[in-house]
Amino acid sequence: MQFDVLEADYLLTAVKVGGLPPPMFAEVAFAGRSNVGKSSLINSLAQRKKLARTSSTPGCTRGLNLFRLQLRGGANIDFVDLPGYGFAQRSKAERVSWGPMIEGFLTHRVGLRGVAILVDVRRGLEDEERDLLEFLAHVKQRALVVATKIDRVPSSKRKLAVLDLAKRAGVKAIPFSSHTGDGRDELWGALLRMAAIDLNPTPMQPKP
Ligand code: GTP
Ligand code: MG
């Protein structure tokens with residue numbers, strides 16, 4: 001299945017949940033450690049080079065960044081790029097405000113259908129990811145794990161690394177590389193399922 005993105009727009013950056021517009025379409029959010037590749041992944045999914053700002057300097061994304069995508073076939077979905085956590089260089093005030101803002105968003109955002117947690121496959125799950133998974137289960141938000149930068153793992157070791165990640169996380173894990181595009185279709189499929197978006201709805205059959 002080929003996922004072609006016809007339209008992809010950056011809408012806005014909100015520094016608090018109240019700064020987001022009312023939900024229009026189903027939303028999925030992307031969470032993960034600073035520098036794990038969230039913005040690169042959004043660009044890769046959107047088939048755009050510079051939709052989301054990327055940088056080799058951690059802490060590039062601040063605030064909640066909202067993107068709107070339209071897929072061939074007509075499905076619309078909104079992406080929320082969350083600021084990365086675990087970045088010590090950030091000011092204390094910023095680090096302290098991260099928790100409540102994200103927790104508020106994950107708990108109360110009506111349009112949110114699920115969260116993709118990005119994990120650098122070479123680092124594996126750490127405390128922050130385990131806490132986030134637990135929190136999402138607590139607020140009844142769906143989650144999946146994306147094993148990013150899979151191009152850095154020898155192909156013979158990828159399958160096992162991803163299985164291990166899924167087992168530890170207790171949710172589905174998908175290997176992904178924004179550099180090679182590996183995993184893009186599988187991830188799109190999983191995100192649409194998580195968001196309960198049917199890309200090719202079967203037409204209603206007339207009653208006999
Ligand atoms: P913050 O906004 O700081 O939280 O970072 P982020 O998670 O948005 O990461 P970003 O997409 O900006 O990427 C961080 C760095 O990782 C950049 O130097 C990217 O080129 C690199 N990177 C991202 N995806 C991949 C990948 O699939 N493979 C490899 N090898 N490097 C990647
Ligand atoms: Mg980013």
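Two strands pair if DSSP finds at least two bridges between them. The model discussed here is predicted.

Q: Which residue in E4 does Ala 29 stand opposite?
A: E2 covers residues 27-32, and E4 covers 76-81. These strands pair in the parallel sense over four bridges. In that pairing, the residue of E4 opposite Ala 29 is Val 80.

Q: Which residue is the bridge partner of Glu 27 in E5?
A: E2 is also joined to E5, and the two run parallel. Six bridges connect them. The partner of Glu 27 in E5 is Leu 112.

Q: Why is E2 largely enclosed by the rest of the structure?
A: In a regular strand the side chains alternate between the two faces of the sheet. On one side of E2 are Glu 27, Ala 29 and Ala 31, and on the other Val 28, Phe 30 and Gly 32, all of them buried. E2 is largely enclosed because the buried residues number six of six.

Q: Which element supplies the largest share of the largest nonpolar core?
A: The largest nonpolar core has 34 residues, and Phe 30, Phe 79, Trp 188 and Leu 191 touch the most other members. Elements that each supply at least two of its residues include E2, E4, E5 and H5. The largest share is six residues, and it comes from H5.

Note on methods:
Residues numbered from 1 in each chain as written. Chains lettered and ligands numbered in written order. Predicted model: local features only at pLDDT ≥ 70, side-chain atom pairs only at ≥ 80, totals over all residues. Heavy atoms only, no water. Core = buried A, V, L, I, M, F, W, Y, C linked by side-chain atoms within 4.5 Å. Buried < 20%, exposed > 50% of the residue type's maximum accessible area, 1.4 Å probe, protein only.
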